[in-house]
Each structure stands twice: as C-alpha cells, then as structure tokens.
Amino acid sequence: MPIRGPSEVVIVGAGLAGGLLATFLGRRGRRVSVLERRPDPRAEGFIGGRSINLALSARGIDALRRVGLAERVLADAIPMTGRMMHSPAGALTYQAYSKNQSDAIHSVSRSKLNLTLLEAAADMDEVSLHFEERCAAVDFDRPYVTTENDQTGQRRQWPCELVVGADGAYSAVRQAMEARPGFDFSQSYLSHGYKELTIPPAERCGVDPKRYDGFAMEPHALHIWPRGGAMMIALPNADKSFTCTLFWPFEGDLSFDEASRVGVRTFFQREYRDVLGVMPTLVDDFERNPVSSLVTIRTSPWHLSDRVVLVGDAAHAIVPFYGQGMNAAFEDCVSLSHCLDKNVTQGEALRAFDRERKIHADAIADLAIQNFTEMRDKVGLPRFLFWKRTEKFLHRFFGGWYTPLYNLISFSTVPYAFARRRACRANTIVVGVPIVVLVVVVLAVLAVFSLVHWAIAGVVGVGAIVLVSWLAHLAGEGREIRIP
Ligand SMILES: Cc1cc2nc3c(=O)[nH]c(=O)nc-3n(C[C@H](O)[C@H](O)[C@H](O)COP(=O)(O)OP(=O)(O)OC[C@H]3O[C@@H](n4cnc5c(N)ncnc54)[C@H](O)[C@@H]3O)c2cc1C
C-alpha cells in the first residue's frame with residue numbers, strides 16, 4: 001500500500017489500544033498511520049495469541065461510547081452480573097457484584113472487538129492501517145519509525161510528528177526508550193502462569209440445552225474455582241461456549257508441573273471434579289495450549305523527547321485479576337487525545353498525559369495483584385462472603401457514602417487511585433466505628449460499677465490503639481482494609 005505522505009501520528013501496534021486511539025485521533029482530524037507486525041485480521045481471520053475473551057467494564061464502555069462504538073460492541077457481549085464460586089465438592093455459591101441489577105461486566109471476544117476497532121479506524125480518511133510492518137527501530141529526534149516485513153525483509157521508514165507505542169507488554173518502542181538515560185523500567189513476573197481451556201456449548205457436552213439457554217453452565221456469571229494458591233475461571237462466549245483460564249503456579253502444589261505428573265484427568269477429578277463432565281476436549285486442550293506468563297510492567301516517564309509516548313500495556317502491563325488491563329488502556333486513549341487537544345505544545349500534552357494517568361495505572365497494577373489473592377484464596381470463605389454481604393448492605397442503605405472498591409473499579413470511572421483511597425477510607429470507618437462503640441459500651445459498664453481507674457486506663461489504652469490503626473490506614477492510601 002502506498003504511503004500518502006508523512007503522517008502527523010504513527011501508532012505502533014494495531015491491538016486494542018492502537019485501534020481505539022487511531023479512531024480518537026482520526027476523528028480529531030489528525031493524519032494517523034497504524035503499523036502492525038501481524039497480517040491484516042480483516043483478511044486473514046484473527047491470529048492473536050492472548051486471551052480469547054475479556055471482561056469489558058464501565059471505563060472501557062465509556063471510552064467506546066465517546067467514539068460511538070459502545071452499542072456495537074455491547075450487542076455481542078454477554079453481561080456477567082456476579083461471581084459463581086465452585087467448591088472442590090462441586091457446591092455452587094452465587095454472589096451478585098452489586099445491589100444494582102444493571103451493574104455488570106461484559107464478556108467480549110478479543111478478536112471481534114479488535115476487528116470492530118480496526119474497521120472503525122479504517123473507515124476514516126485520516127487513518128491508514130499497515131500490516132506486516134514490525135517496528136524494528138525508532139529515531140526519537142526527528143522522529144521516525146523503521147519497520148521490517150518479516151516475510152520479505154523489506155525495511156521502510158515512517159516519518160511523523162508523534163510516535164505512539166501501543167505495541168503491548170513487550171513493546172519495541174519501549175525497548176528503544178530503555179536505552180535512553182532517565183527512563184525507568186521494571187518488570188515483575190508472578191510465579192503463576194495461565195493456560196486456556198474450553199467448555200463447549202451444552203449440546204456438545206451432554207447438558208440439556210434448555211437448562212442454561214444453550215450453555216453448559218449459568219452464562220451470566222464469571223465462574224471461579226478458588227483452590228487456595230491456584231484457581232480456574234470461566235467466561236461465556238457468544239457461541240455458547242466458555243473459555244476457562246487456569247491460573248496455576250508453574251511448580252509445587254496445584255501446579256502445571258503437578259498436573260502433568262499425575263495426569264490432567266486425574267488432577268481435574270481431584271480438584272475440579274464438577275467440570276470434568278463438560279470438558280470433553282480437556283486433555284487435548286491442555287496439551288495443545290501453551291502456558292503463558294503473567295507480568296506487571298512499570299515505566300516512567302511514559303514519554304521521551306516530546307515526540308514519543310507509550311499507551312496501554314506498553315506503558316503499564318498488569319496482571320488480569322481485576323479485568324482492567326484493556327479498560328485502563330482505553331482510558332489512556334481518552335486521556336491522550338484530550339491532552340493533545342487542550343495543550344498548546346505536544347511536549348506539554350505528553351507531560352499532562354503522564355501526570356494524569358501514571359498514578360492511576362500504578363494503583364490498578366497493585367490492586368490487580370491483591371485481587372489475585374482474593375480470587376484464588378478467599379472468595380469461597382464464609383468470612384469473605386460475610387464481608388461482601390456487609391458491603392452490599394452498606395451500599396444499599398448508605399449508597400451516597402459507601403461504595404465497595406470492586407464497584408468503584410468496575411462500575412464507575414472514578415480514577416483508580418482515587419477509587420482506592422475512597423474505599424480505603426470508607427472501610428476504615430466501617431471497621432473503626434464498631435470498635436469505638438464497643439469501647440464506649442465497655443467503659444460505660446465499668447463506670448456503672450465504679451471502677452473509675454480501670455475505665456480511665458481503658459480509655460487511654462484502647463483509644464490509642466484505635467487512633468494509631470486509624471491513622472495508619474488513612475496514611476496508607478495504598479492499602480485497602482482486608483476482610484476482618
Ligand atoms: C489472560 C489475560 C486475560 C485478560 N483479561 C482481561 C480482561 O478481562 N479485561 C481487561 O480489561 N483486560 C484483560 N487483559 C489485559 C488486556 O489483554 C491488555 O491490557 C490489552 O490487550 C492491552 O492492549 P494493548 O493494545 O496495549 O496491547 P495488545 O492488545 O497486546 O496489542 C499490541 C499490538 O501491538 C502489536 N505489536 C507488538 N509488537 C509490535 C512491533 N514490534 N511492531 C508492530 N506491532 C507490534 C501486536 O501484534 C498487537 O497487535 C487480560 C490479559 C491477559 C493476559
């Protein structure tokens with residue numbers, strides 16, 4: 001395809017962030033070229049390697065709505081209004097995410113969503129998409145991107161005013177930035193990996209199709225098999241199948257290594273008995289599908305030389321346990337296009353974007369790791385269920401003041417760090433107030449029995465403990481109160 005003259009913006013990566021950002025910038029009249037290393041999915045069918053489906057929630061929907069794509073994407077999505085926990089004995093416990101029936105996260109197909117974004121971008125005269133163009137180098141000063149076609153070896157240069165690295169967790173643009181002084185980068189891997197498996201539609205696994213509208217299990221829930229240290233989840237697909245994801249340690253108890261040693265069927269018979277009957281392709285899937293790593297990536301700054309900037313996983317890859325990586329990447333697109341619009345110079349815009357997004361990306365990275373412990377170890381425990389019921393009660397009756405952290409993250413667009421701080425403060429009050437009431441009651445009883453000196457000692461001692469822990473929580477913005 002001929003290049004139509006220099007672009008204002010070159011976006012490297014036609015994944016989820018790259019596709020959406022091209023649409024945002026194109027609608028603002030900027031000439032955009034998108035360079036993608038893979039073949040064109042519109043011609044080839046999708047060949048992406050990452051998760052098959054994703055949970056889209058309020059932040060992602062808000063971003064899609066701004067470019068008129070939300071309705072189209074939601075038309076094919078399956079809303080999930082709660083978690084369905086599966087115990088080792090096969091008992092099911094359903095827990096709604098919210099008091100509001102309309103609050104749901106939406107299971108969408110990654111390939112279909114990517115296609116929708118690319119079609120929307122390609123519809124604009126301002127945007128051109130170029131496939132089989134792998135970014136091989138970036139010149140930060142002029143700037144331009146050099147690409148290489150992996151089939152033909154042909155190299156091309158793409159001059160522009162702004163390079164956007166939307167090329168995912170192992171970004172080539174970021175790797176080029178890492179060589180520059182003053183650029184911080186860290187990556188940390190979990191000791192767990194992930195592998196995807198399939199539960200086919202009901203009729204293909206011996207379940208009465210009428211029972212769950214053609215699915216083998218309840219479709220409007222995110223299914224979780226928490227096993228303490230490991231877990232499996234399943235999200236529904238539009239074709240009535242489920243995609244299951246194993247999040248298991250590589251080695252040790254309940255690990256990929258153990259499952260391979262004892263045999264997959266035997267392992268599932270022991271740990272995930274209730275789904276064995278609906279996974280006819282279990283052994284094949286397990287052998288065929290790879291185990292992939294889970295990484296958290298942090299970078300700072302997200303921009304360099306006023307001409308190059310990172311968005312999405314390239315800037316902040318996070319583990320998937322809050323279902324927010326794509327949602328956060330979509331928020332980046334909203335923020336970057338807004339910053340480019342409202343700032344006079346490109347340098348100011350990139351600095352404003354960094355300031356606006358970085359603290360929130362860091363917050364959701366921490367929360368995603370915390371949520372892994374919650375999902376794999378706690379969701380089945382009575383005290384967790386009690387805490388969730390308490391949260392729901394408070395949300396129902398004190399909704400103006402109390403919103404659970406999960407709801408703030410998944411069903412609102414309150415920026416992540418503010419959501420975490422707000423939930424942390426509210427939880428501190430929820431735990432602190434009963435303690436204070438208890439102390440007052442004990443003191444009143446002591447006073448009634450004229451044990452005044454005990455009462456004074458009690459006031460000072462307990463008051464000090466409450467005050468110190470309260471202050472610690474308020475100061476420790478990063479820590480939400482765990483389940484009591
Ligand atoms: C198992 C799993 C489950 C997940 N579930 C959820 C979920 O439920 N909800 C959610 O919000 N998020 C989820 N995520 C996170 C989500 O997948 C990512 O945050 C999202 O894909 C980031 O989009 P991106 O465009 O930044 O990167 P990507 O989607 O990875 O896109 C990067 C693109 O750049 C291209 N590229 C790479 N290198 C080059 C190069 N050198 N030159 C040219 N092109 C290049 C790639 O081919 C790709 O098309 C999940 C992630 C995983 C691993």
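Q: Between which two strands is the loop that holds Pro-301?

A: Pro-301 has its place between strand S17 (292-300) and strand S18 (303-304). A strand here is a DSSP run of E with at least two residues, a helix is a run of H or I with at least four, and both are numbered from the N terminus. Before we go on: this is a predicted model, where local features need pLDDT of at least 70 and side-chain atom pairs count only at pLDDT 80 or more, while totals for chains, interfaces and linings use all residues. Residue numbers start from 1 along each chain as its sequence is written.

Q: What kind of peptide bond leads from Ser-300 to Pro-301, and what is its omega?

A: That bond is cis, with omega near -10°. Arg-142 and Pro-143 are also joined by a cis peptide bond, with omega about -20°. Pro-143 sits in the loop between S9 and strand S10 (144-148).

Q: What makes Leu-254 partly exposed?

A: Leu-254 has 19 other C-beta atoms within 10 Å, so it goes in the partly exposed class. Its spot is the loop between strand S16 (242-249) and helix H7 (256-262). Leu-254 has a positive phi too, near 60°, and isn't a glycine.

Q: How do you know that Glu-203 is exposed?

A: Glu-203 has 12 C-beta neighbours inside 10 Å, so it counts as exposed. Glu-203 belongs to the loop between strand S13 (184-199) and strand S14 (221-226). Its C-alpha atom is separated by 41 Å from that of Asp-366, with the two residues 163 apart along the chain.

Q: Why does Leu-129 count as buried?

A: Leu-129 has 22 C-beta neighbours inside 10 Å, so buried is the word. You'll spot Leu-129 in strand S8 (residues 127-130). Skipping residues up to four places away in sequence, Leu-129 touches Ala-14, Val-34, Leu-118, Ala-121 and Ala-122. Touching, or being in contact, takes C-beta atoms, placed from the backbone, within 7 Å of each other.

Q: What makes Arg-357 a buried residue?

A: Arg-357 has 23 C-beta neighbours inside 10 Å, so it's buried. Arg-357 is part of helix H13, and, leaving aside neighbours within four places in sequence, Arg-357 is in contact with Asp-332 and Ser-335. Trp-302 is 55 residues from Arg-357 along the chain, yet their C-alpha atoms are separated by 9.5 Å.

Q: Why are H13 and H16 called oblique?

A: Helix H13 (residues 346-378) and helix H16 (residues 416-448) pack at an angle of about 55°, with their axes 7 Å apart. That angle makes H13 oblique to H16. Here's the scale: under 35 degrees is roughly parallel, over 145 roughly antiparallel, 65 to 115 roughly perpendicular, and the rest oblique. The axes are lines fitted to C-alpha atoms over the stretch in contact, and angles run from 0 to 180 degrees between N-to-C directions.

Q: Which residues of H13 and H16 meet?

A: From H13 come Ile-359, His-360, Ala-363, Ile-364 and Leu-367, and from H16 come Tyr-416, Ala-417 and Arg-420. By class, the contact has 6 nonpolar, 1 polar and 1 charged. Ala, Val, Leu, Ile, Met, Phe, Trp, Tyr, Cys and Pro count as nonpolar, Asp, Glu, Lys and Arg as charged, and the others, Gly among them, as polar.

Q: How many residues surround the ligand?

A: There are 33, and the closest are Gly-13, Gly-15, Gly-168, Gly-312 and Gly-325. To be near a molecule or strand, a residue needs its C-beta atom, placed from the backbone, within 6 Å of it. By class, the shell has 15 nonpolar, 11 polar and 7 charged residues. H12 gives the largest share, 4 residues.

Terms used
Two residues are in contact if their C-beta atoms, placed from the backbone, lie within 7 Å. A residue is buried if 20 or more other C-beta atoms lie within 10 Å of its own, exposed if 12 or fewer, and partly exposed in between; C-beta atoms are placed from the backbone.
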